[in-house]
Amino acid sequence: MKVQTLPPQNGNFNLANYEETAKNFNWADVEKEFSWHQTGKVNIAYETIDRHAENPKKKDQIALYYSDANRDEQYTYEDMKKMTNKAANVMKDAGIQKGDRVFIFMPRGPELYFALLGAVKVGAIVGPLFEAFMEGAVKSRLEDSEAKAIVTTSELLDRVPVNELPHLDTLFIVGDNVSEEEGKVDFLTRLSSADENFDIEWVDREDGMILHYTSGSTGKPKGVLHVHNVMIQQYQSAKWVLDLKEDDVFWCTADPGWVTGTSYGIFGPWLVGATNVVRGGRFSPQDWYGTLEKYKVSVWYSAPTAFRMLMSAGDELIKEYDLSPLRHILSVGEPLNPEVVRWGEKVFNLRIHDTWWMTETGALIVANYPSEPIKAGSMGKALPGIKVAIVDDQGNELPPNRMGNLAIEKGWPSMMRAIWNNEEKYNSYFELDGWYVSGDSAYMDEDGYVWFQGRIDDVIMTAGERVGPFEVESKLLEHPAVAEAGVIGKPDPVRGEIIKAFVALLEGNEPTDDLKEDIRQFVKKGLAAHAAPREIEFRDKLPKTRSGKIMRRVLKAWELDLPTGDLSTMED
Ligand code: 6R9
């Protein structure tokens, strides 16, 4: 196959010389840019907001632009300091302490950012939840983490099964006319009257900060714990990869319910002192181009599904907007097709820079840099200071161009520090001596560029969102008509993959289209819209191992008309 190489962009970049930097770089030097280098104590919320608010030259810079159909607001770094202090006071007054798990379950809006950073200022561990989660998904996450509090809206409150969560004793409710009673706090009213000064809880760099629940191929979603030290790499990668400078206006389109929406929707850009754009509401091409234009966005981080949707809206539309401030575009979450990279060059006259990382890695690991050539279809090269390799199943490094496990040498700064309550699972990532094994397969060419090949497990990436088949299957099994269920990702030109469910029905149920729709709605209501199967196929029986596990690779082979492979472990 012929590889298309696009030359480096022109400009004055934070990472001007990749080779030199990679040779001489030392992570310990990054710490020296922050005051905790001297004190030994840290709080990532201080470094993202207060540090700039205390700088007379920075305090009046806009930190956050927020808009949706009804609101249009802006907050300077000084405003953000006050609002996050207020949020911290509201939480502290309600008894939240260092180490408590505080979940944030609400649509994007300034209050989400105040609450999240306020909780971090108290020393709590925040758990962001995507607003589309339904009761079952909310419950399993709060239960597993023994969450003490949740910040949510009046509308979303009925998806929080308070009575079934014995550890949950405080509800911070965002809404109008919230009546306060035992354990219920009217968040906005309290926020407006709270003191705007707060004594930050100084913590150790290894203290817990954020808990992102994410899906694997087996078992329930797992709580990936990151500590305050995650900031070191978020900061450095925001400089090198996002190429952020203090006067940049940056738009990360991800929701804070996913790791991209916190690592680069909150921490990275504010750690470097740039301006962040948050746009609420749903996707539409007009709205997105309008947002880029309105805020004069200069750096834009999004996902292949969004680019493909914009692409299918046609190139004429773009000409209606002035996007001239835009100078750097990046992508994450799923494979970025060379076709999309070429489209980007054509319509924006800019390269789209693919990047790779995971919830577990906390920050960017592999990337394309503005000062380096891009090989369309490759995710780029390792971040300086981090060793990425392709290893075989015994942990031996493979030579160039051989496919294997995409692995990272253990110990990078933003590495997850635990899987909540599940040491065994955590250790399973590090079974190959000294390597973190990602679950992705890839190869690396002789120039160090990494080429994604697929997931080794059954995790589904649909529209950039990571969905574990097990969670969907479990929900399907709760439906009164379902006997067995197996869920796979089916390739889709726009969404990367869609969720397809194979279902065997219990005796006495007719396989009708109405029933399919009923089952779909059941998952949508019980879990989340993005986790509901777009396709359902009824089968009399599903392929299972002798131990009773659904064989998803056989389902996948059925779907794609591929050979089913070794069936020796299959029952009958
Ligand atoms: C940040 C984020 C991680 C999984 C990862 C991989 C897939 C991410 C990709 C990519 C192809 C890329 N993925 N970036 N696949 N090309 N550039 O997405 O975290 O939600 O944990 O997903 O996403 O399969 O293992 P997360």
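1. Strands E26, E27 and E28 make up an open sheet in the order E26-E27-E28, and their pairing is mixed. The edges are strand E26 (482-492) and strand E28 (535-538), each of which pairs on one side only. From one strand to the next, the twist averages 25°. Please keep in mind as you look that this is a predicted model.

2. What does "mixed" look like here? Take the two pairings in turn. E26 and E27 run in the antiparallel sense and share ten bridges. Strand E27 (residues 496-505) pairs with E28 in the parallel sense, over four bridges.

3. You can find one residue pair in each pairing on your screen. Across from Ile-488 stands Lys-500 in E27. For the other pairing, look for Phe-502, whose bridge partner in E28 is Glu-537.

4. Helix H17 (residues 552-560) lies across E26, E27 and E28. Its direction makes an angle of about 55° with E26.

5. Now turn to the ligand. There are 18 residues around the ligand, and those that come nearest are Asp-354, Thr-355, Thr-359, Arg-455 and Arg-466. Sorted by class, the shell holds nine nonpolar, four polar and five charged residues.

6. For Asp-440, an N or O atom of the side chain is 2.9 Å from an oxygen atom of the ligand. With Glu-334 the backbone takes part: one of its polar backbone atoms is 3.3 Å from a nitrogen atom of the ligand.

7. How much of the ligand's accessible area does the protein cover? On its own the ligand has 540 Å² of accessible area, and the protein covers 97% of it. Helix H10 (259-271), strand E15 (352-356) and strand E23 (450-455) are the elements that give two or more residues to the shell. Which of them gives the largest share? That is E15, with three residues.

Methods. Residues numbered from 1 in each chain as written. Predicted model: local features only at pLDDT ≥ 70, side-chain atom pairs only at ≥ 80, totals over all residues. Heavy atoms only, no water. Pairing = 2+ DSSP bridges. Axes fitted to C-alpha atoms, helices over the stretch in contact; angles between N-to-C directions. Contact = heavy atoms within 4.5 Å. Near = heavy atom within 4 Å. Polar contact = N/O pair within 3.5 Å; in protein donor to acceptor, adjacent residues only side chain to side chain. Areas by Shrake-Rupley, 256 points an atom, 1.4 Å probe, with all protein chains shown as cover. Nonpolar A, V, L, I, M, F, W, Y, C, P; charged D, E, K, R; others polar.
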